[in-house]
Amino acid sequence: MKIIMLGAPGAGKGTQAEMICEKYNIPHVSTGDIFRANIKNGTKLGMEAKQYMDKGLLVPDELTVKILLDRVAQDDCKDGYVLDGFPRTIPQAEVLDKALTELNDKVDFAINVDVPDENIINRMSGRRACVSCGATYHVEYAAPKKEGICDKCGAELILRNDDKPETVKNRLSVYHDQTQPLIEYYSKKGILKEVDGTKAMNEVFNSIVDILSK
Ligand code: AP5
Ligand code: MG
């Protein structure tokens, strides 16, 4: 099963992707997580990506597409995966389609987690991310057992650099401009599914499981 998570920054793509991957035992492929791991390790790719990410801009397609195609070509992705944060532009979607078509394969579902802009800023300012494993929490809606410490690996939780309100506004505007057109793109392909992302995390997840089991 190959699934794409669509939605604005902070809509809950990562949260839901994590839950889907656990239930269906497939890998969670997040381009944002891959870039953040590269930044942490001080790689050339990380240094380059950081310049864009800190401003709330998209990393150029040339850099993004290659790391994504390399990742999904790995062995653990052969029975499917959840793409979280990719594609983010029409050209990225076209490259993915072309690569899958060459393998006689296709995306099964594009799930749009719909959350209006008004809810996003509040969510982002409450989000905390693990510096080590990338797990995400929310101070109010998904608090860790011990404040400031990751439940999964014990490392420190921080407010992401790009979660400051000014940067979030930029990310939202980039989203509307460059990523939202993908909703129509996948709708035309007949694989778009919509879920109401303003509901509680478990309710959103139940709607997704309903969609995937049909
Ligand atoms: P990325 O890491 O993908 O960030 P994003 O899309 O902006 O999305 P987020 O991770 O911020 O939000 P999310 O939807 O995953 O929400 P989450 O589940 O954490 O990308 C970062 C940057 O990398 C981009 O800006 C760009 O520069 C670059 N990049 C990445 N991919 C790229 C690509 N393909 N092309 C070019 N550039 C790329 O939830 C948010 C918060 O809300 C959490 O605290 C969570 O606990 C809480 N929450 C979740 N669901 C609920 C709920 N139902 N109710 C209440 N709270 C909830
Ligand atoms: Mg995310």
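## The sheet

An open sheet is built from 5 strands in the order E2-E3-E1-E4-E8, with parallel pairing. Strand E2 (28-30) and strand E8 (192-196) are the edge strands, each pairing on one side only. From one strand to the next, the twist averages 25°. Strands pair if DSSP finds at least two bridges between them; strands (E, at least two residues) and helices (H or I, at least four) are DSSP runs, numbered from the N terminus.

Strand E4 (residues 109-114) runs parallel to E8, and 5 bridges join them. Alanine 110 stands opposite leucine 192 in E8.

## Basis of the model

This is a predicted model, in which local features need pLDDT of at least 70 and side-chain atom pairs count only at pLDDT 80 or more, while totals for chains, interfaces and linings use all residues. Residues are numbered from 1 along each chain as its sequence is written, chains are lettered from A and ligands numbered from 1 in the order in which they are written, and side-chain values use heavy atoms, leaving out hydrogens and water.

H9 lies across strand E1 (2-6), E4 and E8, at about 155° to E8. Angles run from 0 to 180 degrees between N-to-C directions, and axes are lines fitted to C-alpha atoms, for helices over the stretch in contact.

The axes of helix H1 (residues 13-24) and helix H9 (residues 201-212) come within 10 Å and cross at roughly 50°. H1 is therefore oblique to H9 (under 35 degrees is roughly parallel, over 145 roughly antiparallel, 65 to 115 roughly perpendicular, the rest oblique). Residues of H1 in contact (heavy atoms within 4.5 Å) with H9 include Thr15, Met19 and Lys23.
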